[in-house]
Every structure is written in C-alpha cells, then in structure tokens.
Amino acid sequence: MDKGLTLRKICILKDAKPLIEVDHHIPPGEILTVMGPSGVGKSTLLAYITGTLGPDFTGMGEIALDGRDITTTPPHLRQIGILFQDDLLFPHMSVGANLAFGMPPGGRRAVRQRLIAEALRDVGLEGYANRDPATLSGGQRARVALVRMMLSQPKALLLDEAFSRLDVALRAQVRTLIFQTAQDRGLPVLMVTHDAEDAAAAKGPVIELRSLSGG
Amino acid sequence: MLKLLPLLTVLAMLGPVIAGLWGTVLPAFGHLPAAGLLGPTLDPFRALLHWPGVTEASRLSVVTGLGATILSLGIVAVFMAGWSGTRTFRLFERLLSPVLSVPHAAAAFGLAFLIAPSGWIARLASPGLTGWDRPPDLLILQDPGGLALIAGLVVKEVPFLLLMSLVALGQAQPKQSLLVAQSLGYRRSTGWLKTVFPRIYRQIRLPVFVVLAYSMSVVDVALILGPTTPPTLSVQIVNWMGDPDLAMRLTGAAAALWQFALVLLALGLWWLGERLVARAGRAWIAAGSRGRGEGALRGAALVLGAVSALSVLVGLISLAVWSVAGFWSFPDIFPQGWSARTWARHGPPALQTMGETFVVAGAAMALALLLVLGCLESEHRSGRRLTHRGLWLLYLPLLVPQTAFLPGLQTLLLSIGADTGRAPVIFAHLVFVLPYVFLSLGDPWRAWDRRYATVAHALGATPWRVFCQVRLPTLLRPILTATAVGLAVSVGQYLPTLLIGGGRVSTLTTEAVALASGGDRRAIGVYGLMQTLAALIPFALALLLPTLLWRNRRGLHG
C-alpha cells in the first residue's frame, strides 16, 4: 500500500482546453509546493482534490489517499483537510463550537469538551472556547482554523495561499506551527502559494505551474 | 427529491397562471359547460364591444399604466442622478423599507385622506388661503382622468424601483464613473445620467415591466382612487365576475383577455420607447454637453422624492388620526375630540381578521421558503446558476395581469367542482409570494462564500449538515428579510383573496377595500392601520431577531 497522497496523471480541462497537469506522489510528512502566477489554476487543482470542482471544469486522472482511490468519493468522506487564506471560522459559532463541528461525532460531552480545551491549550489559546471568533486577532483565528481542521483527523492537508493574509512576523510563526503539526502527524501536504519564502520553508519538492492554454 | 424542487417551484408559480389563462380563454369564446353554454362563439367579445364604457376603460388602463410607470421611473432617475451618495439620499434609503412595506391599499387610503376635498391639505389651506368653509365640490378623488389613481400608484412604485436600482447600483461602481465624468467637466446629474443610468436601467428592466403591467391592471388601488363611471377595465372585469348572472362571466372573460392584450400592447410600446430614448440618449452623450440648469432639476427631484415619501407617511398618520377622531368638522385641522369608540367597535373583528391574514400569509410563506431554499440548495449542489431565461420565468407571474388569469382560475375551480376557500387562496398567494422571495433571497444566497462549504465538507460534514448547521444560520438575516417580504406580499394581496376565496376568506386587505365604497373614514383608519401593521411587524422582527440571536457574534453584523 502506498502511504501518502497520490495525484496520478491529473489533468483539468476548462471548456475542453487543458488548464493544468500534475503527476506526483506526496509521501507522509512531505510538503509539495505548487507555485505559479495567479489565474493559472492552482486553486482549481485543490478544488479537484477536495471534490468541489465547478461545472465549467472537467477533471481527469486519479487521486489516491493511502492507496485508496478517492477520485469519485463525495467531498465529506475524503478525509482531506484544507486551509484557505481566510480562516473561514463559522461566524455564528463560538470558538469551541467551531472545533466541535470539526470533531468526528460520538463520545461523551465532557470528553469532547476536554479534548477541545486541550487542543486550544496546545496552541496557546487556553480558555478561548466560549469566545466569539470575530473578537480574536488574525493570528489567533488562523490557529483556531488549524486546530479545527486537525481535530477532524484528516489524512492529508491542503494549503491554499494559507499564509498570504498574515503580516510578516505572524506569517513565519503560523507557517512553522502548521508545518510542524503536519510533520508530527505524518501528513502529506500540498501547498499552493505564490510566495518563494513559503516554498523555501517547506523544504520539499516544488512544481512550477505554467499556463497551458498559452494565454 | 431535491432535484424535483425546481420543477415543483415552476409548477406552483406558473401552473395557476397557465390554468387560469386557459380558464379565461374558454368562457371568453362562450364555452362554459357549467352554465350550459357551449362555444365557440364571439358573442362575449360582442357584448364587451357593446358595453358603452369599453373605450374609456381601455384608455384608462393604458394611460394610468404608462403614466404611473414613466413618472415613477423618471422620479427615481432624476432623484438618484441628483442625490445618490449624499447624506440626504441616505435619509431616503432609511425610509425606503418602511414605505415599501406599506400595502398598496393602505397607502391609497392615506393618500385619499390627504388630497380629498375634505382632506388634510384642503383643511390646512382653509379657510385662510382658499376661503372654503365647507369641502369644495371638486372631483379630486376618483377623477375621470385617473390622476389620483396615477398618484396613488407612483407613491408606491417609486420606492420599489428605487430599491431595485440600489441593488443594481451595487454592481455598477457608480462612484468611479461619476468621478471620472466630473473630472471631465460634467455636472453631477448629467454625468450620472450619462454614465451610470444606462447600466442601471439594463438591470431594472424587468421590474419596470412589472410596474407597467401592475399599474395597468391593479384593482384595489383603482377601487379606492380610480374613476367609477366607467371604472378601469380591471375593476369592471371584477364587477362582471361577481355578477350573479353567469352570462356576465363570459363578458368578464372576454374583457380579461382584452386586458391581457392591452398589457402586451403597452409592453410593446414601452419596448419601442426604450429604443427611441436610447437613440436620443446616445446622441445626447455624443454631443458632449456638460449639463445646464442642474440646480433646478436637483431641486425638483428632491421635492418630488420628498412629496412621494411624505404622502405615504403622512397618509398613515391621517389614518391613525381618523381612527381615534371624535367629531371633526371642516376646516378644522384636528378633530374637536378624541375617542376610542372606533377601535372598541372595529378593533376586535380587525384583530380576528389579522389572525386569518397571518394564517394565509404564513402558510404561503412556509411553502415558498421551502421551495426557494430547495431550489437554491439544488442550484448550489449542481453548480448551475439561474440563467437569464430562468429570470424571465420568475418574473412571468408578475407580468401577466392578475385580472387576466385569476377570474379564469376561479371559473376553472368552480367548474371542476373544487372548493373555494382557504387552501386555494394560499396556493393563489404562493404564485405572487414565490417570485419575490426568490428574488430577495437569491442574491445573498449566491454571494455566500462557497469556501465555507468546502471547509465544512473537508471537516467531514455531509451536505445536509452543511446546509442546516452552517448555511442557514449564517444566512439567517437575508432569510428573515425574504420571509418578511413574502409575508408583506401576501398581506397586500386583494384579488386572489377575493376571487379564489369565493367571498369566504377575508383578510385585512379585502376588508379594508370593502370599506372604500362606504366612506366610513374612522373604520377605514382602523383597517388601514392594521393592514400596515401586519406588513410591518415581520420586517421589524426580521431586523430584531438576528440582533438578539447573534448578539454575541460580531462577525454576523457586518
């Protein structure tokens, strides 16, 4: 069995014209960086992997996670976590409720609450469970988003320009935290970015996407 | 199941319209088996032609429709040209929602209480300015030219078109365009009319068509403000439909088809006018004139806008004053005494009618919300957006005049032996509630950040869990606003309640309009106010509830 995230001969078409092509295997703990100018279709690649590709696009090729083909699996059963440049914390839920939403169901209430409290403590946000996400700072929100995703026990991690909204000082800090977390859990990571610094920090292979439609 | 909902929605919206038109066509050609009449024959049309009022009624329909639409659109255009983006404009924006939610009938009564020979305006000017010490013998209300009717329509259509323009404005980047025009030496109004208005008009074309079709065929406002000998064509259709002589229904059906043809004709005229105005406008732009005499135009625009808004608001106040008035002689500005007698007498039955009004509105609204949310969710999951053609479908029930298909629907229901009453009324209301709920909820629903759904799916949430736990709560505010819009639409419906209810369902609107001929101003005050309240309360709740429910969630009060 092939551990990790496998992108086998992936080709995404827009209006019957090829947009991007990728063929790569990401072993556990490795960070694959996909770089390229905006509009080249980096986010489209992630949409294909999460199973949320728009109707204007056609995706071909196989996605496998730990050897299991998930190309046609519904999005919510893929076990692939994703972080965007915005934290996308659900604004109507407290910090704790956001985390509980991410946790797999089951278990006693008290146990779930303890797990949430511990997870928050691990990222330096002890006692934040009842807070309104809108009252948190940008760095705090980014950490909550990371914790929410990790609590859902994903088997792979996608980063869509995840650090581009943070200021320089915060950026390195959050990046290190996320990379460290992924490495500790042995997750394959696919990072999409336009920032060379992110790519350097990832210390992994880099794919440069070029526009295939010759535009 | 979800995939069936769009189909069901189209069926609920267009089914009654098509069935109603079918039910109009048959009797219009003399075919009404229930009355032992078999067609086809052209007799109903001959009867229509022999009615002495046919020319005048048709003229009234076209003139009031085109007049009200041109005036409303004109006022909105010059007002926005002169004032959008200013502090004055923001004040009007704040007045917009309450004025918009006032039902047509209540606004018409309020206007009548202001401009009648014994109304507030005449009282204010008498006897000092006019020398009148008793109400003058002038036919201001129900004037044969239909001017009062046009005024009553304009005060309600201006806020509607203004709202539609504001929605369109959001996508047109008006500030930058105006700035560029002004830096090129254009005066404000001219620059706005040349650069922003053409783009806005493209967006509000369908609502303008709706205003035209509605103004040509409205019944409740025409009963209150319109002429009586002859009445407008649509009022006469309703009279014929209510005639105990079944043969008159045939004439009514023929007139309904004629009304439909008139609306199509007027829409065609409008389409032609659009082209002429566009050509003149292009020449005006090409000529490069920077604008002259703008001060007067801006002033006039402000006066027109203010008069339009104030006639609704002060009209409501006059309803309130009449409802508690004791003896009130002309030309006193206020009654000699105040009394709770009218409320004691009419309050309890009005409250009971309000209950029935809300039962009908609530049921229609619940169905509408279910269908619309289902359609939008199905649209979201399939990733297919509503096309331009789909938008026309949504506007269709609003473009076919009510008097063209509701009489037919009533005849059809009677002839297949179906019962009139509450349930058919609810479905008839649904025809008009659905498009407004769809239009009001569609944009905020589609503007929602889809990445929330992607994140939630990535966290393992099923599509239904995302819908119930993420999407519905975050979109609570627009959902409640759409609910309020839908309820207000249902509360304001007159003709569907009257015709499809077969006289057995009475809402605040039918009761209020029924009082029009009696002329008991105190009772009209009570019912007009209750009708307005029934439309306003849901809007107030829609504003209040999210603030209460999400009081600890700052992210939802952007």
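1. S308(B) touches V154(B), V155(B) and V158(B), leaving aside residues up to four places away in sequence. The model discussed here is predicted. S308(B) belongs to helix 14 of chain B, which covers residues 294-323. Its relative accessibility is 6%, so S308(B) counts as buried.

2. The largest nonpolar core holds 225 residues, and L159(A) and L190(A) touch the most other members. Helix 7 of chain B (residues 147-169) gives the largest share of this core, 14 residues. Apart from this core lies another one of six residues, including L476(B), L480(B), A542(B) and L556(B).

3. The surroundings of L190(A) can be listed in detail. Not counting residues up to four places away in sequence, L190(A) touches L7(A), I26(A), L32(A), V34(A), L45(A), L46(A), I49(A), L157(A), L158(A) and L159(A).

4. The contact between the chains takes 27 residues from chain A and 26 residues from chain B. About 2,400 Å² is buried between chain A and chain B, with 67% of this area given by carbon and sulfur atoms. H76(A), H92(A) and F101(A) supply 31% of the area that chain A buries against chain B, more than any other three residues.

5. Six residue pairs are in polar contact between chain A and chain B, both residues being at pLDDT 80 or more. The elements of chain A that give two or more residues to the side touching chain B are strand 6 (80-84), helix 2 (95-102) and helix 4 (138-151). Strand 6 of chain A gives the most, with four residues. By class, this side of chain A has 13 nonpolar, 10 polar and four charged residues.

6. One salt bridge is counted between chain A and chain B. It joins R451(B) to D86(A), with the closest N and O atoms 2.6 Å apart. R451(B) also meets D449(B) in a salt bridge, at 2.9 Å from N to O. R451(B) counts as partly exposed because its relative accessibility is 21%, and D449(B), at 26%, likewise counts as partly exposed.

7. Helix 19 of chain B (residues 450-458) is largely enclosed by the rest of the structure, because seven of its nine residues are buried. These are Y452(B), A453(B), T454(B), V455(B), A456(B), H457(B) and A458(B). On chain A, the buried residues of helix 19 of chain B pack against helix 1 (42-50), strand 6, helix 2 and helix 4. On chain B, they pack against helix 15 (341-382) and helix 20 (463-474). Helix 19 of chain B is followed by G460(B), which has a positive phi near 100°.

8. Over all chains, the count comes to 19 salt bridges. In one of them R171(A) pairs with D195(A), the closest N and O atoms being 2.6 Å apart. R171(A) lies in helix 5 of chain A (residues 168-185) and D195(A) in the loop between strand 8 (189-193) and helix 6 (196-202) of chain A, so this pair ties together parts that are 24 residues apart in sequence. R171(A) has 14% relative accessibility and therefore counts as buried.

9. A further salt bridge joins the side chains of R275(B) and E274(B), at 3.2 Å from N to O. The two partners fall into separate accessibility classes: R275(B), at 40% relative accessibility, counts as partly exposed, whereas E274(B), at 12%, counts as buried.

Conventions. Residues numbered from 1 in each chain as written. Chains lettered and ligands numbered in written order. Predicted model: local features only at pLDDT ≥ 70, side-chain atom pairs only at ≥ 80, totals over all residues. Heavy atoms only, no water. Core = buried A, V, L, I, M, F, W, Y, C linked by side-chain atoms within 4.5 Å. Buried < 20%, exposed > 50% of the residue type's maximum accessible area, 1.4 Å probe, protein only. Contact = heavy atoms within 4.5 Å. Buried area = accessible area lost by both parts, 1.4 Å probe. Salt bridge = Lys/Arg side-chain N within 4 Å of Asp/Glu carboxyl O. Polar contact = N/O pair within 3.5 Å; in protein donor to acceptor, adjacent residues only side chain to side chain. Nonpolar A, V, L, I, M, F, W, Y, C, P; charged D, E, K, R; others polar.
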